[in-house]
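Biologist: I've got a model open on my screen and I'd like to learn how to read it. Can we walk through it together?

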Amino acid sequence: MALVRCCLEVAAPEIFGSFIQKCTDPDCYYWCCSALRPRYKRLVDNIFPVNPQDGLVKNNMEKLTFYSLSSPEKLDRIGEYLFQRASRDIYR
């Protein structure tokens, strides 16, 4: 049984062979896939902590605000993804 799931379609290095199992989950947030996600999605994901009781991470909110101000052409995508993420967390 694998300890970590990965949604990469390429084979994992032999070092991680026994720990990684391929998956096709589009919402995979593991370390192996985070570099492949767009920056605005990573910034939005960093706002929400692992434990929802901890509240939002203010430092990461400031990073997202700075990114939004410096890339106004991406505001639509940022807003849409933030809405999806917030509504998913509210539904839980």
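Predicted model: local features only at pLDDT ≥ 70, side-chain atom pairs only at ≥ 80, totals over all residues.

Biologist: Which residues make up the largest nonpolar core?

Modeller: The general idea is that in soluble globular proteins, nonpolar side chains tend to be buried together. Here, the largest nonpolar core has nine residues: Tyr-40, Leu-43, Val-44, Ile-47, Phe-48, Leu-64, Tyr-67, Ile-78 and Tyr-81. The biggest contributor is α2, with four residues.

Biologist: And what is Tyr-67 in contact with, leaving aside its neighbours within four places in sequence?

Modeller: With those set aside, Tyr-67 is in contact with Arg-39, Tyr-40, Leu-43, Lys-74 and Ile-78.

Biologist: Next topic: aromatic rings. How do I read a pair of them?

Modeller: You describe a pair of aromatic rings by the distance of the centres and the angle of the planes. In this model the count comes to one aromatic pair. Tyr-40 and Tyr-81 form it, edge-to-face, at 6.4 Å centre to centre with 85° between the planes. Tyr-40 sits in helix α2 and Tyr-81 in helix α4, so the pair ties together parts that are 41 residues apart in sequence.

Biologist: Is Tyr-81 buried or exposed?

Modeller: Tyr-81 is buried, at 8% relative accessibility.

Biologist: Now for charges. How many salt bridges does the structure hold?

Modeller: In general, side chains of opposite charge can pair when their charged atoms come close. This structure holds three salt bridges. In one of them, Arg-37 pairs with Asp-45, with 3.2 Å between the closest N and O atoms. Asp-45 also meets Arg-85, at 2.6 Å from N to O. Since Arg-85 lies in helix α4 and Asp-45 in helix α2, that pair ties together parts 40 residues apart in sequence.

Biologist: What does Asp-89 form a salt bridge with?

Modeller: Its partner is Arg-85, the closest N and O atoms being 3.8 Å apart. Asp-89 and Arg-85 are four residues apart in helix α4, so about one helical turn separates them.

Key: Residues numbered from 1 in each chain as written. Heavy atoms only, no water. Core = buried A, V, L, I, M, F, W, Y, C linked by side-chain atoms within 4.5 Å. Buried < 20%, exposed > 50% of the residue type's maximum accessible area, 1.4 Å probe, protein only. Helix = DSSP H or I, 4+ residues; strand = E, 2+ residues; numbered from the N terminus. Contact = heavy atoms within 4.5 Å. Phe/Tyr/Trp six-rings, centres within 6.5 Å; stacked < 30°, edge-to-face > 60°. Salt bridge = Lys/Arg side-chain N within 4 Å of Asp/Glu carboxyl O.
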